[in-house]
Amino acid sequence: MIRMTLAEIAECTGGRVVNAEPGLEVTGGVEYDSRKIGPGGLFVAFEGEKVDGHLFAGKAVAAGAAAVLSTRDTGEPGVVVAEPLAALAALASAVVGRLGELTVVGLTGSSGKTTTKDYIGQLLSRLGPTIAPAGSLNNELGFPYTVLQATTETRFLVLEMGARGIGHIRYLTEIARPQVGVVLNVGAAHLGEFGSVEGTARAKGELVEALPESGVAILNADDPLVAGMAPRTRARVLLVGEAERAAVRATDVVVDGAGRPSYRLHWDGKTGNVRLRVAGRHQVANTLAAAGVALSLGMSAEDVAEALGEVGIVSGRRMDVFTRPDGVTVIDDSYNANPSSTTAALHALAAMGAGRRTTAVLGYMAELGPHERSGHEEVGRVAAELGVDRLVAVAPEAGPIVDGAQAVEGWTGQALRAADQAAAIEILEGDLRDGDVVLVKGSRYRTWDVVDALRPEEESR
Ligand SMILES: Nc1ncnc2c1ncn2[C@@H]1O[C@H](COP(=O)(O)OP(=O)(O)OP(=O)(O)O)[C@@H](O)[C@H]1O
Ligand SMILES: [Mg+2]
């Protein structure tokens, strides 16, 4: 954070200073986990369901915190506010307001926000000090928390924005108004909340509505619901994609045997060759969006093409590919899953599995609402159509994946139902061989034990 006195913090959060002089300064970072607090920091006490942060106020101060932001007086120097999330938002907003040199980049989409945020972070770091922390900090807590990492040194602030309903993204844009807004895609994620992809598009489009006239809206030319957001913004629209109308365009896409795409990047009459180190055909779209951001912020097409060849996976469990000493290649894409991201991962498995035996270990996909059964059947169908050799559905809720695969005529692969992760591990352990490619994917924690069991000892987390 920037240096601020308790009086200033109290003013912007509507709180009151307790147990300290109003002139006391916070000079360090803002944290809500007392173990992370550094010297001069501000500890935010949340009353969680399991843990009451107020009980850690003393520990945070002992660890160096200058003050505590809380809803009740902890006896430590601090500011007492009515509602800590609203206070954090107000503080974040005040900090952004004081950082004149800062360019805020916001991005949203159904799949690939964290991945692309990491790519944007890696590109913009070449232009100046950039904040784009690892992980998926995209909600009403993670967003202001990320904003508060900005200092007077920061030139670029890259913010992931999630939406679980109408108005959520608008709320985030009011905390820190982006100059550059990226919408990646509108897919079947969180359909349970939105009811339809159109509902999702309405919510995601709030990002481009918030952009100023001087801003840039980076929209996926290949996704009609995203490209269709163009009339909703006052900002300049930059279409990115493979379609001819895209201003930042990829042509001649080729995916190599390791699943890594290469393409020709076109922009403003110039072209460059991009050779990605990351796996998955869908990384073309993600890296084009990142390219759109870097190009609109002044990076040359040549530099963008070169820099894209260097970008890697920063946040774990997303297309993290590793080959074990026994020759088994594992694709850890287990962070989360929905039908579109699972389809993308299955395509990567098929590309990497040419001439090798392929196994897809797929867990339950949460939040599909009324599309729950059809969503699971659909990915089973895709797996079978891509010719996956073995399919393991983890847990009974994932069972329709097997049904979907078995309904594909002519599929000669094997479909197995594992009662739980331990059963899936057992299936794999007895039968993995040199050359195998194994994809592991499911919503959140649902396949993490499987992939951790596949990781060689020295690599395990
Ligand atoms: N463009 C894309 N299309 C489809 N799937 C993608 C795309 N980009 C990434 N993925 C896959 O989607 C999953 C989630 O990726 P990531 O964490 O980057 O997305 P996210 O939008 O941040 O998700 P969340 O909503 O959980 O924050 C990963 O399995 C990843 O490999
Ligand atoms: Mg994310």
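Reader: What stands opposite Glu 31 in strand 5?
Author: Phe 43 does. Strand 4 and strand 5 (residues 42-44) run parallel, with two bridges joining them. This is a predicted model, where local features need pLDDT of at least 70 and side-chain atom pairs pLDDT 80 or more, while totals for chains, interfaces and linings use all residues; side-chain values use heavy atoms, without hydrogens or water. Residues are numbered from 1 along each chain as its sequence is written, with chains lettered from A and ligands numbered from 1 in the order in which they are written.

Reader: What's the strand order in the open sheet of five?
Author: The order is 2-7-6-5-4, and the pairing is mixed. (Strands are DSSP E runs of at least two residues, helices H or I runs of at least four, numbered from the N terminus; strands pair at two or more DSSP bridges.)

Reader: Which strands stand at the edges there?
Author: Strand 2 (16-18) and strand 4 (30-31). Each has a single partner strand, so one side of each lacks a neighbour in the sheet.

Reader: Which strands does helix 1 touch?
Author: Helix 1 (residues 6-13) packs on the sheet and touches strand 2, strand 5, strand 6 (67-70) and strand 7 (78-80). (Contact means heavy atoms within 4.5 Å.)

Reader: And the sheet of nine strands, what order?
Author: 9-10-8-11-12-13-14-15-16. This sheet is open too, with mixed pairing. Strand 9 and strand 16 stand at its edges, each with a single partner strand, so one side of each has no neighbour in the sheet.

Reader: Do strand 15 and strand 16 pair in the parallel or the antiparallel sense?
Author: Antiparallel, over six bridges. Trp 267 stands opposite Lys 270 in strand 16.

Reader: What's in the turn of that hairpin, and how many residues sit between the strands?
Author: Two residues lie between strand 15 and strand 16. Asp 268 is in the turn, with a positive phi of about 55°.

Reader: How many bridges join strand 11 to strand 12?
Author: Four. Strand 11 (residues 180-183) and strand 12 (residues 216-220) run parallel. Val 183 stands opposite Leu 219 in strand 12.

Reader: Switching to the metal. What coordinates the magnesium ion (ligand 2)?
Author: Thr 114 (OG1), Ser 136 (OG) and Glu 160 (OE), at 2.1 to 2.2 Å. The spacing of these donors along the chain is T-x21-S-x23-E. (Donors are N, O and S atoms within 2.8 Å of the metal, or 3.2 Å for Na, K and Ca; water is not among the atoms, so sites may look incomplete.)

Reader: Where do Ser 136 and Glu 160 sit?
Author: Ser 136 is in the loop between strand 9 (130-131) and helix 5 (142-147), and Glu 160 is in strand 10 (residues 156-160). They are 24 residues apart, so the pair links distant parts of the chain.

Reader: Is Glu 160 buried or exposed?
Author: Buried, at 4% relative accessibility. Ser 136 is partly exposed at 27%. (Buried is under 20% relative accessible area, exposed over 50%, partly exposed in between; 1.4 Å probe, protein chains only.)

Reader: Where does Gly 112 lie?
Author: In the loop between strand 8 (103-108) and helix 4 (113-124). Gly 112 is partly exposed, at 22% relative accessibility.

Reader: What is Gly 112 in contact with, leaving aside neighbours within four places in sequence?
Author: Leu 184 and Asn 286. Gly 112 and Ser 341 are 8.2 Å apart, C-alpha to C-alpha, and 229 residues apart in sequence.

Reader: Last one. Which residues of helix 13 and helix 14 meet?
Author: Pro 339, Thr 342, Thr 343 and Leu 346 in helix 13 meet Gly 375, Val 379, Val 382 and Ala 383 in helix 14.

Terms used: Axes are lines fitted to C-alpha atoms, for helices over the stretch in contact, and angles run from 0 to 180 degrees between N-to-C directions.
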